[in-house]
Amino acid sequence: MDEIPAGLLGISVEQLYTILPGPTLIHLSGIVESPLFISVLLHGNEPTGFLAVQALLRKYKNRRLPRSISIFFGNITAAKLGVRRLENQFDYNRIWPGTEYPESEDSLMARKVVDTMAKRKVSLSIDIHNNTGINPHYACVNVLDHRFLQVATLFSRLVVYFIRPKGVLSAAFAKLCPSVTLECGKPEHHYGVEHAQDFLEACLHLKNIPNYSVSQQDIDLFHTVAQITIRDHVNFGFRDNNVDFGLIDDLDHMNFTEIPAGTEFGKLSNNTALPVIAMGETGEDITEEYFSISGNKLIVNKPVMPSMLTQDAQIIRQDCLCYLMERISV
């Protein structure tokens with residue numbers, strides 16, 4: 001589309017499907033032609049980006065945008081139900097060029113979006129998300145490039161560099177322009193909307209992106225070294241004695257905390273094999289490097305910093321238990 005459809009600026013995220021029945025890319029012209037690309041609702045239970053875009057568009061309803069923008073509205077059918085994705089769907093943040101998923105209508109759609117924005121000479125890509133666990137606001141990049149880090153630190157001094165999982169939107173757009181992912185805390189925290197809107201406003205007014213190093217004192221930079229999933233056959237839960245693997249109750253309080261070796265993640269009902277898999281950034285199994293069983297407890301073997309730990313069992317199954325990070329220098 002090349003205009004805002006009627007009703008978009010006031011509709012709830014759950015009713016969005018009545019205006020946009022499927023994934024939609026909207027182009028809006030501004031004073032500066034090279035567009036800012038904004039992606040929202042790749043996960044249907046993460047509405048902060050949508051609400052921030054609504055607020056931004058309401059602000060500019062009767063005046064011209066400082067820069068052209070292209071807004072991608074992703075998994076609208078999942079947003080109707082307030083879930084990350086439907087059971088018969090691929091994850092909408094794993095379908096982009098570079099994906100490990102088989103080719104599908106979704107991956108072809110994602111490639112079309114990237115190709116369209118390449119032709120439009122996109123200047124900056126921003127993908128907005130929420131977390132289900134307790135996390136601070138932070139930005140992610142897929143390339144250690146001065147311009148990417150400069151944009152990321154406009155949002156937060158906490159920045160995460162990762163190259164896995166594959167097929168994420170930000171990595172696909174990183175081949176075209178500086179690209180960041182914003183993690184805006186829990187969806188029910190309205191400050192996330194305000195923070196994302198302020199960031200978008202700042203990006204609309206960026207004349208150029210500095211191409212020099214961020215000062216070490218202005219950034220806490222972490223490298224994701226492992227993605228942790230629970231093995232498919234393992235029955236797990238919280239506050240439940242009738243499972244194979246009982247996770248500790250306040251697990252998500254460890255997010256963005258540098259935890260020492262020996263920290264417990266949960267208890268096993270019997271001394272079987274490790275209940276989790278740690279996958280390194282190139283896809284190798286590094287489980288035994290990071291985890292072991294002590295008595296009936298699953299513990300970490302070395303100092304690490306977790307992120308995205310959650311107490312939502314469905315999210316753990318659909319995505320992962322967490323990521324493990326190590327601090328690096330700029």
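**Figure 1. Crossing of helices α4 and α6 in the predicted model.** In this predicted model, the axes of helix α4 (residues 146–155) and helix α6 (residues 191–204) come within 9 Å and cross at roughly 140 degrees. At that angle α4 is oblique to α6, because only angles over 145 degrees count as roughly antiparallel. The crossing of α4 past α6 is right-handed.

**Figure 2. Residues at the contact of α4 with α6.** On the α4 side, the residues shown are Val151, Leu154 and Phe155. Their partners in α6 are His195, Ala196 and Phe199. Sorted by type, the residues of this contact are five nonpolar and one polar, with no charged residue.

**Figure 3. Salt bridge between arginine 84 and glutamate 46.** The whole structure contains 13 salt bridges, and the views from here on show examples from that search. Arginine 84 pairs with glutamate 46, with 3.9 Å between the closest N and O atoms; the cut-off for a salt bridge is 4 Å. The two residues come from distant parts of the chain, 38 residues apart. Arginine 84 sits in the loop between α2 (76–81) and α3 (105–119), while glutamate 46 sits in the loop between β2 (30–40) and α1 (48–59). Arginine 84 has a relative accessible area of 6% and is therefore buried. Glutamate 46 is likewise buried, with a relative accessible area of 6%.

**Figure 4. Salt-bridge network that includes arginine 84 and glutamate 46.** Salt bridges link Glu46, Arg84, Asp91, Arg94 and Asp319 in a network. The pair of arginine 84 and glutamate 46, in which the closest N and O atoms are 3.9 Å apart, belongs to this network.

**Figure 5. Salt bridge between aspartate 145 and arginine 147.** The side chains of aspartate 145 and arginine 147 form a salt bridge, with an N to O distance of 3.2 Å. Arginine 147 has a relative accessible area of 29%, so this residue is classed as partly exposed.

Figure 6. Aspartate 220 and arginine 327 are joined by a salt bridge in which the closest N and O atoms are 3.1 Å apart. Aspartate 220 belongs to strand β8 (residues 220–230) and arginine 327 to strand β16 (residues 322–328). The pair therefore ties together parts of the chain that are 107 residues apart in sequence. Arginine 327 is partly exposed, with a relative accessible area of 45%.

How values were computed. Residues are numbered from 1 along each chain as its sequence is written. This is a predicted model: local features need pLDDT of at least 70, side-chain atom pairs count only at pLDDT 80 or more; totals for chains, interfaces and linings use all residues. Side-chain values use heavy atoms; hydrogens and water are left out. Axes are lines fitted to C-alpha atoms, for helices over the stretch in contact, and angles run from 0 to 180 degrees between N-to-C directions. Helices (H or I, at least four residues) and strands (E, at least two) are DSSP runs, numbered from the N terminus. Angles under 35 degrees count as roughly parallel, over 145 as roughly antiparallel, 65 to 115 as roughly perpendicular and the rest as oblique. A crossing is left-handed if the near helix is turned anticlockwise from the far one by less than a right angle, and right-handed if clockwise. Contact means heavy atoms within 4.5 Å. Ala, Val, Leu, Ile, Met, Phe, Trp, Tyr, Cys and Pro count as nonpolar, Asp, Glu, Lys and Arg as charged, and the others, Gly among them, as polar. Buried means under 20% relative accessible area, exposed over 50%, partly exposed in between (1.4 Å probe, protein chains only).
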